[in-house]
Amino acid sequence: MATPTTGRIDVRKTYKLFIGGAFPRSESGYSYVVNDTKGRFVANAALASRKDARDAVVAARKAFGGWSSRTAYNRAQILYRVAEVMEDRRPQFVLAVQQSEGLSASKAGAVVDTAIDRLVWYAGWADKLTQVVGNANPVAGPFFNLSTPEPTGVVAVLAPQESSLLGLVSVIAPVVVSGNTAVVVSSYDRPLPAVTLAEVLATSDVPGGVINLLTGSAATVGPWLASHMDVNALDLVGIAGDTTLATELEVAAADNLKRVRRAPAAEPDWTLAPGLDGMTDFLEIKTVWHPMGV
Amino acid sequence: MSFEYAPAPESRSIVDLKSSYGLFINGEFVDGHGSAFKTISPATEEVLAEVAEANDADVDAAVKAARRAYDKVWSKLSGAERAKYLYRIARIIQERARELAVLESLDNGKPIKESRDVDIPIVAAHFFYYAGWADKLEYALPQNAGSRTDPKALGVAGQIIPWNFPLLMLAWKIAPALACGNTVVLKPAETTPLTALLFAEICQQADLPPGVVNIVTGAGGTGQALVSHPDVDKVAFTGSTDVGKAIARAIAGTSKKATLELGGKAANIVFDDAPLDQAVEGIVTGIFFNQGHVCCAGSRLLVQESIADELLEKLKRRMGTLRVGDPLDKNTDIGAINSAEQLARIRELSDIGEQEGAGRWSPPCDLPSRGFWFPPTLFTGVTQAHRIAREEVFGPVLSVLTFRTPSEAVEKANNTPYGLSAGVWTEKGSRILHMAGALRAGVVWANTFNQFDPTSPFGGYKESGYGREGGRHGLGAYLKGGE
């Protein structure tokens, strides 16, 4: 954090990627300049490369078996813990949002509060989704028949460009609450809240690889994720309005029939109450039959 | 000792085959403007009828009719009124059940006992089930819970169905679409158009408002025109994975929604504590029902090593009792392969199976000289590297692999880009539930196989497609806020 110094030289942070629970620099060695909304230098952020994205997918795939087989209660507790730690670091997040989005302290405070509350809301869904989305089916024969949701696997998320914390939390939480793991490309111009969030994730009992955060360009990294054959689903909200790129990524995703959450025409209003589709878009319904008989 | 069965032919006389059929657009049969083609009986190669081909202009007319019907009539009806049309259709299907079953077996090649006892009854039940949802849509989607407004339909649905269960696939598409308030343009497969055209007649008998259902017959060109038509809001496709991917590419960047129900290479897993006779019935149903022309067929048998020999002996004995022959004979178990093309593909992959070193076996079979036939076949000594373990044959061909431990079975079963269905045979309850959770497939049959019901969601993981058909979940495909 660049603060005017009066005497003491501050120890400035290096902004790195978050992959597999660790904070590596980009393997490319590249970084890019991040300015605040007034154009003042804030930091050099790691510029994620294709290899970083592939490493993140490997980490996410490795984490999927464990994360999806934890109890829903456990996943809920972990996401709630993330909210606790975020709340504890509220001042840090408020400053990050002020700096990234040019908001006043009180407006940034409202954004952070909503982000924390949103996370708590999603945490509570972990052990309820099955009850709301799944059901038994009264088939016309002597069979037990049950449909339940399962996580689809590794989800690549292009996070929103403008809403650097609230939007970010709003696209990550619904993916992982059900047991998916995520590879997230943060906002390009506003990556710093994502890096702070990564630090919270690393200290909140979230297993390494469940959420991987890549700072960098959705336009550069997106195509590699969209065409990656070990990615199961794609959220394109971060390229809202870029119909050419969105089409290109949707075409690439068809190679292994990724489930695609399409890019909207414009970035959504993240203050509105979310529906369930952020979660249900990344669920598979499994139906099990067994005969009943003595 | 061999049983000789006296012929038990089902009469064809109930079917009134016309020499040629037009397209069904806006409530009427009209001429098509493409090149008419013939549909044949795959059992005898006789021509059944000439069928119109819908060209781009015909498809456009059909979509316009569907749009007009949606705007002016169907979207203005209450759910309860839409329901009544669907109930009428369900009841007429039951009334004409025998006629539909005979026509389906003639055009498709499947045994009459399947079309009579499985296909047509589920078709009627499917329309009956979804009729009842039409006025209850506020309960269809969890996100709507508590809201007092109905979720909205998507508009006009373009639907493309395959040849393996012609009328059943039509029911799976049209019933939920109409119940949710959409209108449809449906293209049946080019080798099996006749029951769709008879369904069109049933729509007339039910006084369904013109344009709500439109049937455009044709082949790949007609399908492409439908998928790419700018005024289609929703694409629903059942067919091969390759074509499914092409459709996903074609609609990228548009606002069209799609559900895809594609191929599979399901593992049917038999543990050493499974009741072997029941498992054998399940294996036989799994791969020889409908000549193996089933996306969710149990085409890979994974048998625990310790019982493999005993199971295979029983399986071969049972395969020897299967009767291949005239689809209209009520004794027939395995009917004709649907087309010359499909037969060629089955033969090619079976030859490859031999070349790659698997052990090929079929019971002795007298196959008719005319028509398209393939005996029930199994391959032993198959490994995951063999093409017949990886590629969908879509015929009566079973690949047999073995395993030692449950985790090996899971690993082998999931080692496929597909994920439509799976079977598990074991008497141990906790193992059933463990396997059901571990298998990455949209449908898991435990101690049973090939069970279908209108209330039960069906669809795949991974490259077997996305979206579900059947049950409450099947409504999501045809409502805003759903899929």
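This is a predicted model: local features need pLDDT of at least 70, side-chain atom pairs count only at pLDDT 80 or more; totals for chains, interfaces and linings use all residues.
Local features need pLDDT of at least 70 and side-chain atom pairs pLDDT 80 or more, while totals for chains, interfaces and linings use all residues. Residues are numbered from 1 along each chain as its sequence is written, chains are lettered from A in the order in which they are written, and side-chain values use heavy atoms, without hydrogens and water.

Chain A brings 37 residues to the contact and chain B brings 45 residues, where contact means heavy atoms within 4.5 Å. About 3100 Å² is buried between the two chains, and carbon and sulfur atoms give 53% of it; buried area is the accessible area (1.4 Å probe) lost by two parts on being put together, summed over both. Leu257(A), Arg262(A) and Trp289(A) supply 22% of the area that chain A buries against chain B, more than any other three residues.

Three salt bridges cross the interface, each a side-chain nitrogen of Lys or Arg within 4 Å of a carboxyl oxygen of Asp or Glu. One of them links Arg249(B) to Asp255(A), with the closest N and O atoms 3.1 Å apart.

The largest share, eight residues, comes from E10(A).

E10(A) also runs parallel to strand E17 (residues 443-446) of chain B, joined by three bridges; strands pair if DSSP finds at least two bridges between them. Here Val288(A) stands opposite Val444(B).

Note on methods
Helices (H or I, at least four residues) and strands (E, at least two) are DSSP runs, numbered from the N terminus.
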